[in-house]
Amino acid sequence: MNDLCIVAIGSLPARALDWIEDAAAEWFPLPIRRLAPLSIPEGAYDAKRKQYQSVEMMRMLAQHAPRDASRVLAVTDVDLAIPMLSFLFGQAQFDGPIAIVSLCRLHQEFYGLPPEENLLRERAVKEVLHELGHTFGLVHCAETACAMSLATHIELVDAKAEQYCARCGMQLVQRFTSREATV
Amino acid sequence: MKKNWPILVVDDEDVMCESMGAWLREDGYHVDTASSGQKALELAKAMDYAICFVDLKMPGGMDGIETMMEIHRIRPESSIIIITAYATVDTAIQAMKEGAQEYIVKPCNPQEISMLVSRILKLKKLQSENAILRKKLNRQYRHSDIITKNPRMGEILALTRDVADLRSTVLIRGESGTGKELVARAVHFSGNRAEKPFIVVSCAALTETLLESELFGYEKGAFTGAATQVKGKFEMAHGGTIFLDEIGDISPKLQADLLRVLQERRFYRVGGNQEVEVDVRIIAATNKNLSEEVQAGRFREDLYYRLNVIEIRLPALRERREDVPLLAEHFVQHISSALGRDVSGISAAALKVLIAYDWPGNVRELENVIERAIVTCRNGTLDEQDFSWLERNAGQPQNWEVPDVSLGELERRAIVAALERKHGNVKEASTALGIDRSTLYDKLKRYEIVH
């Protein structure tokens with residue numbers, strides 16, 4: 001069984017990795033390992049948009065992924081985007097090993113409001129469950145309270161619970177308990 | 001479901017194809033990407049894309065508008081969304097005139113694109129549902145709808161053909177789910193009334209007064225709320241057939257009213273004093289034994305004889321077990337295509353399980369069981385284990401019995417069951433099992449549950 005690796009890209013709020021590790025441990029029956037933090041790849045910065053291209057970040061992650069890693073989840077505090085979309089809360093390789101979550105738009109300060117650490121923790125956990133869910137083959141869920149529902153703005157992140165709905169949860173169980181499936 | 005709507009992304013920039021493809025895949029779509037118009041056309045020849053995102057500006061070779069027009073030539077049903085930058089919005093509007101369904105300016109808000117895709121696909125879904133419904137409406141019910149190689153059913157089918165052109169009343173008896181309505185439809189649609197209405201009334205579903213106005217209609221002012229004159233089912237069925245399902249459940253008063261209609265083909269609307277005359281063939285059905293009901297005084301004898309002119313008794317599915325494989329195969333094909341699932345058959349071992357089962361709910365139960373199995377099936381063929389729950393229900397002992405398996409297998413099953421009960425929450429499952437999280441994944445590893 002291979003590890004679920006967690007890695008910071010650039011600096012993060014103080015306890016962010018602890019929250020994320022706890023959430024991953026609650027849902028995924030894999031050993032969890034923290035990797036040494038990575039610096040933000042220079043080539044990922046889009047000066048015109050003042051954002052970072054998520055594809056470049058994911059390419060770097062694929063290069064740095066340990067051979068024995070089952071999944072690599074990166075967490076960053078910078079704002080992510082892809083050419084087509086104005087921003088992303090996170091991105092994952094569907095049914096693949098790499099996922100990334102940005103905390104940038106999960107901070108209350110991003111919306112001109114005073115910081116709320118607990119709210120940031122909740123949002124981060126939801127987005128981590130969401131992106132990791134994709135790496136284990138879960139698609140978007142129509143249940144707005146499920147971590148797998150598609151959030152295209154922060155209110156939709158807040159509408160989610162810090163858990164999967166029964167249907168998505170069962171799909172994960174099948175994934176982890178079926179002899180045919182490979183994690 | 002979403003798998004049925006493949007999407008193509010055409011852009012000369014790799015990063016655009018890669019990121020857009022990844023984003024749409026997270027939504028469950030099958031996504032292909034092409035780095036040029038030429039490649040897009042090759043892909044479109046092989047796959048019927050529901051949506052094609054096409055970048056307007058692609059240097060060298062075909063540009064976005066040309067690509068769009070060529071795709072449309074091959075796949076006129078595909079919806080094209082032109083991707084453009086602010087500088088080229090005017091050209092994108094031009095593209096709309098040439099047949100693009102939408103254009104989007106990059107970068108756009110994730111919500112915008114997500115709504116655009118779901119709006120287009122909702123429309124496509126409606127269009128395809130509409131086509132299916134039209135096909136269904138045009139479809140005539142035939143004797144071939146009844147699937148059987150059972151000799152008794154063969155006799156019944158011959159009888160329905162013989163009586164199809166008559167106006168004689170038919171009484172169909174059979175347990176629930178044996179296909180009484182299907183036989184009634186076969187009688188109607190193969191006779192000379194096929195072009196006229198076939199009206200179904202479920203007598204058990206309504207109270208006496210409601211059923212009375214449902215059958216005979218009512219005059220304006222007959223009761224509070226009767227604002228206009230309303231025709232009843234008998235009038236609606238004029239020239240055709242009325243199918244009175246669960247006739248054994250009607251009240252004594254309605255039995256008397258019905259007897260009159262059967263004798264005279266005339267009746268009064270509720271609250272009316274003018275007789276209405278109709279030409280209607282009556283087919284009644286019941287899962288009760290009407291002669292016993294007559295003896296018990298719950299059903300009028302004269303009505304029973306009026307209804308029982310031609311009697312058809314449908315056998316229960318357990319009396320025609322040889323039809324189970326035929327019906328099962330039929331439902332697999334029918335349901336998997338209706339649900340859009342890629343299930344093509346049913347294994348011999350699974351058929352054995354189905355043949356052995358007693359089917360208290362008859363053909364309808366078989367249909368529901370197949371549907372459930374198709375929904376949960378993970379392979380292209382329904383197998384024995386897809387029906388394991390059926391065997392369990394069929395007659396395994398209620399007491400918990402230790403299965404004849406190794407201790408390791410028993411432990412593996414306990415872990416799987418705990419994870420299922422906790423909907424995948426590993427922390428809660430390990431608490432329920434009384435072990436810690438790391439022991440749980442050690443065990444999963446030992447049993448090769450997780451590779």
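Reader: Let's start with B:Ala285. Does it count as buried or exposed, and why?
Author: This is a predicted model, so every value here is computed from it. B:Ala285 counts as buried, because it has 26 C-beta neighbours inside 10 Å. The cut-off for buried is 20 or more.

Reader: Where does B:Ala285 sit?
Author: In strand β13 of chain B, which covers residues 281-286.

Reader: And what does B:Ala285 touch?
Author: Leaving out residues up to four places away in sequence, B:Ala285 touches B:Ile172, B:Lys180, B:Ala184, B:Asp245, B:Glu246 and B:Ile247. Take B:Asp245. It is 40 residues from B:Ala285 in sequence, yet their C-alpha atoms are 4.8 Å apart.

Reader: What does A:Val128 touch?
Author: A:Ile20, A:Ala23, A:Ala24, A:Leu73 and A:Val101, again not counting residues up to four places away in sequence.

Reader: New topic. How many residues are in contact between chain A and chain B?
Author: 38 residues of chain A are in contact with 37 residues of chain B. On the chain A side, α5(A) gives the largest share, seven residues.

Reader: What classes of residue are on that side of chain A?
Author: There are 24 nonpolar, 12 polar and two charged residues on the side that touches chain B.

Reader: Now helix α17 of chain B. What does α17(B) pack against?
Author: Its buried residues pack against α5 of chain A, along with α18 (426-433) and α19 (437-446) of chain B.

Reader: Which residues of α17(B) are buried?
Author: B:Arg412, B:Ile415, B:Ala418 and B:Leu419. Seen down the helix axis, the buried residues of α17(B) fall within an arc of 130 degrees, so they line one face.

Reader: And which are exposed on the other side of α17(B)?
Author: B:Leu407, B:Glu409 and B:Leu410.

Reader: What about B:Glu384? Where is B:Glu384 found?
Author: In the loop between β16 (381-382) and α16 (388-395) of chain B. B:Glu384 counts as partly exposed, because it has 16 C-beta neighbours inside 10 Å.

Reader: What does B:Glu384 touch?
Author: B:Ser347, B:Ala349, B:Ala350 and B:Val353, not counting residues up to four places away in sequence. B:Ser347 is 37 residues from B:Glu384 in sequence, and 7.3 Å away in space, C-alpha to C-alpha.

Reader: Last one. How many helices and strands does chain B have?
Author: 19 helices and 16 strands. Of the 451 residues of chain B, 33% count as buried.

Definitions and conventions. Residues are numbered from 1 along each chain as its sequence is written. Chains are lettered from A and ligands numbered from 1 in the order in which they are written. This is a predicted model: local features need pLDDT of at least 70, side-chain atom pairs count only at pLDDT 80 or more; totals for chains, interfaces and linings use all residues. Two residues are in contact if their C-beta atoms, placed from the backbone, lie within 7 Å. Helices (H or I, at least four residues) and strands (E, at least two) are DSSP runs, numbered from the N terminus. Ala, Val, Leu, Ile, Met, Phe, Trp, Tyr, Cys and Pro count as nonpolar, Asp, Glu, Lys and Arg as charged, and the others, Gly among them, as polar. A residue is buried if 20 or more other C-beta atoms lie within 10 Å of its own, exposed if 12 or fewer, and partly exposed in between; C-beta atoms are placed from the backbone. The arc is that of the directions from the helix axis to the C-beta atoms.
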